[in-house]
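Please work through the following exercises with the coordinates open. Each task is followed by a solution in steps.

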Amino acid sequence: MALIKCLECGKDISKYAIQCGYCFYPLKEKSVDTAAPSPKPSRIRNGKPSRNGNGTGSITHVKGNLRKPFMVTVTVGWKYDNEKGRVKQIRKNIGYFETRADAQIALANYIQNPYNIDAGKIYDVLRKLLNTQKIKKTPENTGLPGVFKAF
């Protein structure tokens, strides 16, 4: 490190210093060279950003020959695991998407406006609706019981 003498107090200081660290005498104006470095852009690996920020979910490329290989998941809570003695994430799958761009859009939409749709809850609501109204299977409503086959 190159040192110079302060013009005011005569102590040794760095030649890159903007002001003296002892008497605060200004040595030079801030310039592009001495200004604080700008933040690094996010790291790009294989044409995609390597990580999302904390608390913003994740996009995972699922291996295999899939039509929609990009899976989007978010953390919806935390629970304590008594066996291992540590806290674990409760993760929720938002969906699968054809492209990474579509997955990023879906993740951004979820972060901006979180929704709480759970397939098990929908199944229970539809099952109660069918049981309470005693809907009979006719050619007009055959699609509704088909929903239950998906679960």
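The exercises below concern a predicted model and proceed from the whole chain to single residues.

**Exercise 1. Describe the secondary structure of the chain and its order.**

Step 1. The chain contains three helices and seven strands.
Step 2. Read from the N terminus, the elements follow the order β-β-β-β-β-β-β-α-α-α.

**Exercise 2. Characterise burial, surface and contacts for the chain as a whole.**

Step 1. The chain has 151 residues, of which 17% count as buried.
Step 2. When contacts between residues at least 6 apart in sequence are considered, 26% of them link residues at least 24 apart.

**Exercise 3. Determine the span of helix 1 and how its buried residues are arranged.**

Step 1. Helix 1 covers residues 100-112, 13 residues in number.
Step 2. From first to last C-alpha the helix reaches 18 Å, close to the 18 Å expected at 1.5 Å a residue.
Step 3. The buried residues of helix 1 are Arg 100, Ala 103, Ala 106, Leu 107 and Tyr 110.
Step 4. Viewed down the axis of helix 1, these buried residues fall within an arc of 125°, so they line one face of the helix.
Step 5. As a general rule, an α-helix has 3.6 residues a turn, so residues three or four places apart point the same way.

**Exercise 4. Is Ser 14 buried or exposed, and which backbone nitrogen lies 3.1 Å from a polar atom of its side chain?**

Step 1. Ser 14 belongs to strand 2, residues 12-14.
Step 2. Ser 14 counts as buried because its relative accessibility is 17%, and buried means under 20%.
Step 3. The backbone nitrogen in question is that of Tyr 16, 3.1 Å from a polar side-chain atom of Ser 14.

Key. Residues numbered from 1 in each chain as written. Predicted model: local features only at pLDDT ≥ 70, side-chain atom pairs only at ≥ 80, totals over all residues. Heavy atoms only, no water. Helix = DSSP H or I, 4+ residues; strand = E, 2+ residues; numbered from the N terminus. Expected span 1.5 Å × (residues − 1). Buried < 20%, exposed > 50% of the residue type's maximum accessible area, 1.4 Å probe, protein only. Arc of directions from axis to C-beta. Polar contact = N/O pair within 3.5 Å; in protein donor to acceptor, adjacent residues only side chain to side chain. Contact = heavy atoms within 4.5 Å. Areas by Shrake-Rupley, 256 points an atom, 1.4 Å probe, with all protein chains shown as cover.
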